[in-house]
Amino acid sequence: MNLHRHIAEQFGEDSLKVLREYEKTARKVADYRNHVRFHLRCRRYGITPKSLRLRSSLKGHKATDILHRAQKQLLNERIRQVHFTLEVLKQENKLLHQKLATQLPEEILYKVTDFVQHAQLAQHTKSKERQIKKFDSLCSYIHGIQQNTSPEEDVRASSDKWVKNLSDRELTGPEMEVLAKGLNFAVTPDHIPVIDMITATESAIRNNNIPEEEAEQLRAQVSMSLLKAKPPPPNLSEQEKRALTSLSKDINVTILPADKGRCTVVLNADDYHSRVTALLSDYNTYEILNRDPTSKYKKQVIKCLQLLEKQGVIDRKLYYRLYPGDTTPCLYGLPKVHKDNYPLRPIVSSINSVTYNIAKYLATVLAPLVGNTPHHVNNSMDFVDKIRGLSLQGDETMVSYDVISLFTCVPTVLAVETVRSRLSHDPMLRQRTQLNPDQVSTLLELCLNTTYFKYKDVFYRQKHGCAMGSPVSPIVANLYMEEVEKKALETYSGTLPTHWFRYVDDTWVKIKINEIGPFTDHINSVDDYIKFTKEEMREKQLPFLDCGMYLENEGDLQVEVYRKPTHTDQYLMFDSHHPLEHKLGVIRTLQHRAGTIPTNQEARIKEQKHIEKALKQCHYPKWAFIKAQKNKPNDPKSGNIKIKRPRRSHVVIPYVAGLSEKFRRVFSKHNIPVYFKPKNTLRQMLVHPKDQVPKHQKCNLVYAVKCTEECKDLYIGETKQMLSKRMSQHRRGNSSGQESAVFTHLQKEQHSFKDQDVYILDREDGWFERGVKEAIYVKVERPSLNRGGGLRHHLSSAYNAVLRTLPRRFTDKPTGSP
């Protein structure tokens, strides 16, 4: 039956009139909500709607600035007026609903409310599409005016520079547009990461030992924020989304970042494999192993840790922190697009491998030993400070030296002895660790000699040098290089360079012209393993790090910012789903470099213009530069000096525009710093060069077990172990304690399950955080086989409302149903 006719017949024309006014007002609310969002987006991206554009017969930049300020003020006023109108409409809508409630019975009122809500939603969808098209059209018009080219031409120009297609696949326009955004581009999430947000909250409460009453208040605020949260608008068009899906599913191509220069490279998968195979066929550097040596190295690490614990130099907490992981190191390659035939640079990923945790710990112990010489350079700014004011005489020149394959050339035996010697003379060692120099050296030797890795299920070993991918290898290489340079400078019989500055394997030298040959021969004879190549000054210029040195006037040394020929000027795109502070950080970082590296005003102005041009290509609006300049953190000129006060441990949450900022405000009330981590980047979606870990070998999981037979029973658990090992434990009885609930069920019902059919619900490295996620999934799915006391973490009831909104994977019933 028609609702309007029914209202008119049963309750009179007056009630029908109120209903129509109620429906009309609801539709207006939907329109004005989209209206205000359109104008907020315009303000965010520095775009003026056509209806607010002003013109003047006056010319000049001052007149233009006045117009821009006036347009901005008009836009702010319109936003204020639309907000006011929206609030009036909401109030009117509320009053009309109350009026209907006095005229209609509850059953009819419920139908009327449902009908109006559907009408409002339909109007909202229609209005939203219209405003999005309007905004896209406005953006296209603005970009066309600013760059004097069409958007398509702009995309093609950027794509040629930022994307290098070496594959047989012909990339479509949308595919080129997606890849040209850069692999650090974050795609807007299509759902709210409720589980990650709750896990981060519980982690913050635990790490800060927050009292229970305060913790419940925080949980309630978090839950309320999640209930109200909506996914942000997408930053990819439908065509770009389809292009992204197509690229991610194509197994015939491999997408990689270039070794240098921020360029995205598309290779044929077969070509990539043949290049890596050719790289590994260098039998002077690599050898093939007959089997996986992980278990052998793991036993060595555990034995060493048990001995240290028995000796009392590490406690149980540190023992678990250093305990070996189960992940096998994997090799992949990054194409060197600046060289002929695009050779690959080998990279080894050793995260969560057998010695990774020990290497991270040793890195903190050894790091203070590095850089305690006058020849060490911390960064480009430090280098410029050291050479500022220098000049070259007529018989002097500058040369840069580079070590050939430093990591693979450092002899581990000599490197460990170098570290042992430095530690034995370090009076501050006891403040960093209870380990003595011999114990540190034993662990270090274990890390440096664990040089195996896997590629395509074949195991290899690096024959020489430090383990690639180990966190401690760069520090050890640095310490060994300090010994080499010390020996080289002390034993040279000729005229020494007046200045020798080194950053890891790159060295800048000021030296007599006639000493270049003898000195180069000398430093290449000092050590049997470390060999240098040299680059001399050309046309009075020499690059070092990102500094370009050049001679001026009577030999005065000047510095400007240097970019290699491979540099593409691609930075984080402004429309990437990153927090604004990250984008302003890009501007501040580049401007800081422009203000500190160039040694004269002309070079600074040149660099500032280059930055503005480069970031304009990445769609940075003018207001972002102004905001970055005004809101410099801890800058006395901007008045943003933050008073330091005791703060609790920070928490890292996924970035979702609108929601994450609200979380920061909530946590700040409890004095907890919040940092944002963007997710859904193109790198995560498209770049997969490493061997895929088989499902049964994955670890640090939250999993669900269902029987192979038609069985409704479900078990959810978590494990740090490999999945196959944990499943074998579920299949056998426990002689020392309570039987597994899965084992009891299998025995009683005579059921079974297969490892490949086990569901992986989530992955989490942290022990506590993994327990929280297990509790969340148990709360949502309500598995029948989980015992009530089997969880490590028990969730607060404050989360019940938000968890009811999550869909259940293992039943057709809604989560909130009984």
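**Entry 1: His578**

I located His578 in the loop between strand S15 (556-561) and helix H21 (580-596); helices (H or I, at least four residues) and strands (E, at least two) are DSSP runs, numbered from the N terminus. The model is predicted, so I note that local features need pLDDT of at least 70 and side-chain atom pairs pLDDT 80 or more, while totals for chains, interfaces and linings use all residues. Residues are numbered from 1 along each chain as its sequence is written, and side-chain values use heavy atoms, without hydrogens and water.

Leaving aside neighbours within four places in sequence, I found His578 in contact (heavy atoms within 4.5 Å) with Asn184, Ala186, Leu572, Lys583, Tyr655 and Pro678. I also noted Phe676, 98 residues from His578 in sequence but 8.5 Å away in space, C-alpha to C-alpha.

**Entry 2: domains 2 and 3**

I took the bounds from an automatic or database domain assignment: domain 2 is 293-327 + 350-536 and domain 3 is 693-804. Their C-alpha centres lie 44 Å apart. I found five residues of domain 2 in contact with seven residues of domain 3.

I recorded zero salt bridges between domain 2 and domain 3 (a side-chain nitrogen of Lys or Arg within 4 Å of a carboxyl oxygen of Asp or Glu).
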